[in-house]
Structure formats: structure tokens, C-alpha cells
Amino acid sequence: MLFKGLFPLVSIGRPMLKVVGKCFSLLWQIYLMVGPHYKLLEEFTSCVVSMTVDFGTEKSLPGIADLLPSFCLYIGVPLPKGCRKRTKTFPRAIVAPGWHHTWDGLVRRGLTSTEWFPVFLRQVKGVLSFFRHHLPEMEDELVRKGHRMVAQIFKSIELENFAKWRWNTLKKVVCELVKVYATFKVWYPTFEFVAGLRDASEAQLLKDTLASKSFVDQLKYTCWLTSWMGDIDKWGGGCPCCAPGENPDCRFKGRRLMEAFSHLECECNAAILEAESWGPSDFPGSPPDFVHSCVGQSAV
Ligand SMILES: [Zn+2]
């Protein structure tokens, strides 16, 4: 049986937010749908084959022991004669990660398995923090010195706040930074206000970042990887009938499982081909094994 629809809404109190409470709440929703009969509840829960979760408490639901008899006793549904506990409440169910979690997780895994990433991330945050705190001073100084066009370039970028951290935030940040980083590197030494900065560690981090030859390559690679996977992630939330951004209420949004395999095959093959065409000259500031490590990560 393929059930398409929403469960009845229930409100969960604070004491019910642990896994047993959530299991009871889910059983309550099922009970409201199928009716007050143990056999119907048993049949429904035995048919569940996967649970799509966001990796909160609910991720443990498929493995939880059989709470159905206790639930029935609690709400006054009689148990049939000879009723025996099953191994689990949902004996056939497995956890199925949601689409966005899957791609978010692949971006995280692809980047955190490279040894340069932790330092790179700290450096990105350093540059981002500088832009966030000093953009007005940068603009003032550039305009005062007659460099309005350069001021305009810095003003045009939209940097997401890392407080709203998800791996897709990284895509937005690095792909914006790629646009202005070369200009920033040229103009940073001309900023007079930098001499008066109080935070020495912040200034040193920025100085090290600007001096790093490999940072630009890492920025380029991270923008490429996060765009590739981020676009697939975004595709999954769309629908086959409307253009991106059009008709946000279309009822087919997110229902792309039937076309997902061919889309993924096409996108991933194209990305791997592109990565395999890279040579050391594409990443001139890094050691030659950087290219191999990137292609290796992409093939994962
Ligand atoms: Zn549509």
C-alpha cells in the first residue's frame, strides 16, 4: 500500500520529545487514521518500510522495541488473545535520510576528508568577518581616494552569515568570495584603517590568508564542489513542471524521485569528467597532489 497524504496533526508536549514520546505520538497519529483496533495498528506499522527523518530524535524510531501493546493498553484499546510483542514497533522500517540532508552530508564529507579544509575554513571565516565588520571603512577609503568602481565591486557581494550555518551556506559564501578575492588581495595593502585594528589575531589570520598561495585554489575547488552538489540539492526541491523560482506552491514540488536517477547520473558524470580534465596548471598555487586529492574526493 502506498499512502499519499499527511497524518492528522498532533501537538507534542515537552515531556514527549524523547524517542519513546515521539513513537507514542506517531502511533497516536496512526491510530487517528486507521481506527481503534490492535490488528489494524499492527498491520499498518508492519507495512512501514522507510522513515525519512532529519536526523533528530526520530532517527531512532525504526529501531525502537515494540511499544504498540503498551500504547494500546494506555489508551484503552483491547489487545487480542495471545497477542505477542514483535521485535520492533516498525519491524520492516529503515531510516531514509531526506534529500537535503543527503547532499548536505556529501558536501561535508567531501570537504572534511581533505586535510587542508579545517585551516581553509578558518581563513574563509576570517575574510568573511573582515568584510562584515569593515566594509563601510573599505568603501569610505576607496571613495575618498577616487576608486568608486572598486568600492562598488566590494559593495555588490552578498555574504551570508555563518550563524545560519549549513553546508549550503558555505557555497553561497565561497562563490561570492571567488568573485572579489583577487581584487581584495590587490587593494587590502592600501587600506590605511587596517593599521588601527585592535584585534591582532584577526589581522594576523588575514595576513596569513592573503599570503597563502593555495588559498585561492582551495576557494576555487570549494566553490566548484559546493555548487555541483548544492545545485543537485536544490533540484530535488523543485518540480518537473515549473521553472526554478516559479510557482512556489506547485503540488509537485519535491516529487522528483522518478527522474532522480537519470538526473544524478548525468550531473555526476559531467562533474567527474570535468574534475578528471584538471591538471596542475589549474591549481598553480598548490602542490601537484592537490589535483589528485580533489579528483579522488570528487569520485567518492
Ligand atoms: Zn510545478
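## Domains

Domain bounds here come from an automatic or database domain assignment. On that basis the protein is divided into domain 1, covering 14-97, and domain 2, covering 103-299, and the C-alpha centres of domain 1 and domain 2 lie 43 Å apart.

This is a predicted model, in which local features need pLDDT of at least 70 and side-chain atom pairs count only at pLDDT 80 or more, while totals for chains, interfaces and linings use all residues. Residues are numbered from 1 along each chain as its sequence is written.

## Nonpolar cores

A nonpolar core is a set of buried Ala, Val, Leu, Ile, Met, Phe, Trp, Tyr and Cys residues joined through C-beta atoms within 7 Å, where buried means that 20 or more other C-beta atoms, placed from the backbone, lie within 10 Å of the residue's own. The largest such core has 24 residues, of which Val107, Val124, Val174, Leu225, Met229 and Cys294 touch the most other members. At least two residues of this core come from each of the helices H4 (99-112), H5 (117-144), H7 (167-187), H9 (214-236) and H11 (289-299), helices being DSSP runs of H or I with at least four residues, numbered from the N terminus. H9 gives the most, with seven residues.

Apart from this core lies another, of 11 residues, among them Phe24, Tyr31, Cys72 and Phe90.

## Packing of H5 and H6

H5 and helix H6 (residues 148-155) pack at an angle of about 165 degrees with their axes 8 Å apart, the axes being lines fitted to C-alpha atoms over the stretch in contact and the angles running from 0 to 180 degrees between N-to-C directions. H5 is therefore roughly antiparallel to H6, a term for angles over 145 degrees.

Terms used:
A residue is buried if 20 or more other C-beta atoms lie within 10 Å of its own, exposed if 12 or fewer, and partly exposed in between; C-beta atoms are placed from the backbone. Angles under 35 degrees count as roughly parallel, over 145 as roughly antiparallel, 65 to 115 as roughly perpendicular and the rest as oblique.
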